Every structure is written in structure tokens, then in C-alpha cells.
Amino acid sequence: LELLPGDTLLLCTDGLHGLVAESTLADTLSGLVDRAVSDIVTRLTEAALSAGGTDNITLAVVRVSGSRDA
């Protein structure tokens, strides 16, 4: 997997994946591309809780920094 500057990577447990549709995960990650990573984490955690999540919700969001021109 080649990550490029500006790419966002989501790692999560079944407390998020399985409760929140993959399309919602993708839309949230791409829709908040200009927002802080903490905003993405908050939005995804809230989505899991709204979906009735009772399991632990563990996720990490990583955004690759740098310039695509490099």
C-alpha cells in the first residue's frame, strides 16, 4: 500500500466496523478531508454510538502529511 501526502487511513475494531456502513465510513473520511483528524474521530465515534454500539469503539485515523508535488 503506497500512501501519498493527503491520504487518510482508518484503523478500527468491530465497535465501529460492522455497526457503521462502509459507505458512511468512506463518506466521513472524504467529506472531512479539510478538518482536523480529531473531528473525524469524534464524528465516527458518534456514528457508532448512534447505531447502538455497546462494544468498545477503538479507532485510529492517520493523515499523511507533506505535499503531493514532492
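Me: Among contacts in the protein chain between residues at least 6 apart in sequence, what percentage join residues at least 24 apart?

Reply: The share is 68%, where contact means heavy atoms within 4.5 Å. The model is a predicted one, in which local features need pLDDT of at least 70 and side-chain atom pairs count only at pLDDT 80 or more, while totals for chains, interfaces and linings use all residues. Residues are numbered from 1 along each chain as its sequence is written, and side-chain values use heavy atoms, with hydrogens and water left out.

Me: What makes up the order of elements in the protein chain, from the N terminus on?

Reply: The order is β-α-α-β, with two helices and two strands in the chain. Helices (H or I, at least four residues) and strands (E, at least two) are DSSP runs, numbered from the N terminus.

Me: Why does Thr-28 count as buried?

Reply: Buried means under 20% relative accessible area, exposed over 50%, and partly exposed in between, with a 1.4 Å probe and protein chains only. Thr-28 has a relative accessibility of 12%, and therefore it counts as buried. Thr-28 lies in helix H1 and, leaving aside neighbours within four places in sequence, is in contact with Arg-43 and Leu-44.

Me: How do you know that the buried residues of H1 line one face of the helix?

Reply: The buried residues of H1 are Leu-25, Thr-28 and Leu-29. Seen down the axis of H1, they fall within an arc of 95°, so they line one face of the helix. The arc is that of the directions from the helix axis to the C-beta atoms. On the other side of H1, Asp-27 and Gly-31 are exposed. The cover over the buried residues of H1 includes strand S1 (8-12), H2 and S2.

Me: What makes a set of residues a nonpolar core, and which residues form the largest one here?

Reply: A nonpolar core is a set of buried Ala, Val, Leu, Ile, Met, Phe, Trp, Tyr and Cys residues joined through side-chain atoms within 4.5 Å. The largest has eleven residues: Leu-10, Leu-16, Val-20, Leu-25, Leu-29, Leu-32, Ile-40, Leu-44, Ala-48, Leu-59 and Val-61. Helix H1 (22-31), helix H2 (37-50) and strand S2 (59-63) each give two or more residues to this core, and H2 supplies the largest share, three residues.

Me: Which residues does Val-20 touch, not counting residues up to four places away in sequence?

Reply: Val-20 touches Leu-25, Ala-47 and Ala-48.
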